[in-house]
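Dear colleague,

I am handing over the structure below, and I would be glad if you kept it open while you read.

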Amino acid sequence: MVSINYATREVTCKIVYYGPGLSGKTTNLIYVHKKVPATSKGKMISLATEADRTLYFDFLPINIGTINGFAAKFQLYTVPGQVYYNATRKLVLRGADGLVFVADSQVEKMDENIESLTNLRENLEEYGYNIDEIPIVIQYNKRDLPGALPLEELNAKLNTRGWKSFEAEAVNGGGVFDTLKMIIKLVLEKAKNTRTTTTSAARTAASPQTAASAAGASVPPAAGTPVSPPASVGTRQEAGAPAEPAPIREPAYQAKPKPRPDDTSAKVAAPSFEQNVPPDEAPVTAPLQPASMADISDSGAAAPERPVAEEVEKPDSSMPRPFPGSTGRIARRERRITVSDFQPAARDEDLSALRSRLSNDTDQLDNAAISSLPSPSMAPSERVVKKKRNFFKRLLGIK
Amino acid sequence: MTEDNLVIYEEEIEKIDTNLARMLKGAEAKCALLVDKDGHLITRQGFTHSLDTTALAALLAGSFASTKEIARLVGESEFSVLFHQGKKDHIHMSLVGDRSILAVIFDDRTTIGMVRLYAKESATELGKIFAMLKDRSSAGSPGLTDEFAASAGDKLDDIFQD
């Protein structure tokens, strides 16, 4: 059926070249493609086998120009002619507005012509189309070959319905355009008769055009053309295109950059977070800068406790652990300081309280350190652990 | 022919285009083509400038038609969704109403699931628009005029010169 699009101002018709295998359907299209000006044709597509036999269809869109503000476009299809491709052949017939039956004029091909014609009727009937209603032109191809049958005989056998017929030599282009012109005319006449309703239907943008074309007798044909854009198949500049809202074309790609502001803000936030980290570490490292024992002992007893506790909570697994309870060289030094520093204070305190606290501490430290060990190979031997523990116990008199 | 001509007006195309644009934005797909089963392009949205949409429409319709035959052979009436996967770009096709196909072309920035979800939603809405269009079409619509056929005849002589 003819497609009339008022938004893009296009009238599109589908014309199918039918006929037996090797009768010259694709050759017809190739010639049209070769001769039609580049501005009036699209790309020809051929779904063919490696041996250049049509497998599914050949497709050639042609644009005959703007008429009354509408671009008249015709889509030329060919079917695979070979008998066993009937399934795909039938599919191409769907929605055809007109047919060109390309018959092979050679005497030995007459049976194939008749078989193909019968097949055409059957396939059309399956779609519910009537072969007597659809515009058909018959083309007797290969007239240049010596074995070609006389025209009368061909007409008598193939053209029993009185279709328009043309003689052709598709390879040289003879009769190709005559056939095409005729089928286009028949298709447009048929389309006109299919829908000849009055054009007074109140349609927003369509009505001026249709009114102009309805009053075609009084209005010159050029009246409609200034409104219409110069349409061509290759560069599609429809009337609908400018009317399209600009943001519609973009959103799919504009949606992507949206997360970027968030990303950058995240990046801005990240350094500030990183900058916050060193100040936290600074108090830990700063008191440790003075290497001398005197400085550290002067710094007071309360200060070292906090770093030790923190080090136990957040062990640095990347550093080697000399013994359980230590989380690194820094912590070890801290530990040594605290023990020596606690000694004088302990004398004043209740000794039993200190003992129990230290024994608890050592147990906790051991457990925490052992559980956070990176690998068994890094763990000190049982003997060393025991020895160390006994040293502290002996030192503090714990049994 | 038994079927009426397919006549589409601007307001319908606008509705369809808005629908397609919304679908594209949601699914983050590259472009969408709405194709008649006969191979006529109805409308398109998104980044289609680099595409030969006329040929694409014909081939998509052909692809859908051949799949329908395959479906028939395995006992299905029709496959409603078709998916072609490529290295970078993929095509998702789905049936709209009873005579149109919605083809969505997308790449790896989105997923098939997203496209499927939004295409399904869009197809439902488009189906309603087409049903409306069909009712209107059967009620009567302006067709081609005598003048159109006559002018076409003149144009043909200009273009088809041996």
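Before the first finding, one definition is needed: contact, or touching, means that heavy atoms lie within 4.5 Å. Helices (H or I, at least four residues) and strands (E, at least two) are DSSP runs, numbered from the N terminus, and axes are lines fitted to C-alpha atoms, for helices over the stretch in contact, with angles running from 0 to 180 degrees between N-to-C directions.

The model is predicted, so local features need pLDDT of at least 70 and side-chain atom pairs count only at pLDDT 80 or more, whereas totals for chains, interfaces and linings use all residues. Residues are numbered from 1 along each chain as its sequence is written, chains are lettered from A and ligands numbered from 1 in the order in which they are written, and side-chain values use heavy atoms, with hydrogens and water left out.

Chain B

Chain B has four helices and six strands, which follow the pattern β-α-β-β-α-β-β-β-α-α along the sequence. Helix 1 (residues 10–27) of chain B lies across strand 2 (31–36), strand 3 and strand 6 (100–106) of chain B, and runs at about 40° to strand 3 of chain B. Helix 2 (residues 53–73) of chain B also packs on the sheet, where it touches strand 2, strand 3, strand 4, strand 5 and strand 6 of chain B, and its direction makes about 65° with that of strand 2 of chain B.

The sheet of chain B is open and is formed by five strands in the order 3-2-6-5-4, with antiparallel pairing; two strands pair if DSSP finds at least two bridges between them. Which strands stand at the edges? They are strand 3 (41–46) and strand 4 (81–85) of chain B, each of which has a single partner strand, so one side of each is left without a neighbour in the sheet. From one strand to the next, the twist averages 15°. Strand 4 of chain B is joined by five bridges to strand 5 (residues 90–96) of chain B, and the two run antiparallel; F83(B) stands opposite H92(B) in strand 5 of chain B.

Strand 5 of chain B also holds S94(B). Is S94(B) buried or exposed? With a relative accessible area of 5%, S94(B) is buried, where buried means under 20% relative accessible area, exposed over 50%, and partly exposed in between (1.4 Å probe, protein chains only). Leaving aside neighbours within four places in sequence, S94(B) is in contact with S80(B), V81(B), S100(B), I101(B), L102(B) and A119(B). Of the 162 residues of chain B, 59% count as buried.

In the loop between helix 1 and strand 2 of chain B you will find E28(B), a residue other than glycine with a positive phi near 55°. E28(B) is partly exposed, with a relative accessible area of 24%.

Chain A

The axes of helix 1 (residues 25–35) and helix 5 (residues 176–194) of chain A come within 10 Å and cross at roughly 90°. That makes the two helices of chain A roughly perpendicular (angles under 35 degrees count as roughly parallel, over 145 as roughly antiparallel, 65 to 115 as roughly perpendicular and the rest as oblique). In this contact N28(A), Y31(A), V32(A) and K35(A) of helix 1 meet V176(A), F177(A) and L180(A) of helix 5.

Strand 3 (45–48) and strand 4 (54–67) of chain A have a loop between them, in which D52(A) is found. These two strands pair in the antiparallel sense over three bridges, and the bridge partner of I45(A) in strand 4 of chain A is F59(A). The hairpin has five residues between the strands, and there D52(A) takes a positive phi near 65°. D52(A) is exposed, with a relative accessible area of 67%.

W163(A), in the loop between helix 4 (151–158) and strand 8 (164–167) of chain A, counts as buried at 12% relative accessibility. Not counting residues up to four places away in sequence, W163(A) touches L117(A), I131(A), I136(A), I138(A) and L158(A).
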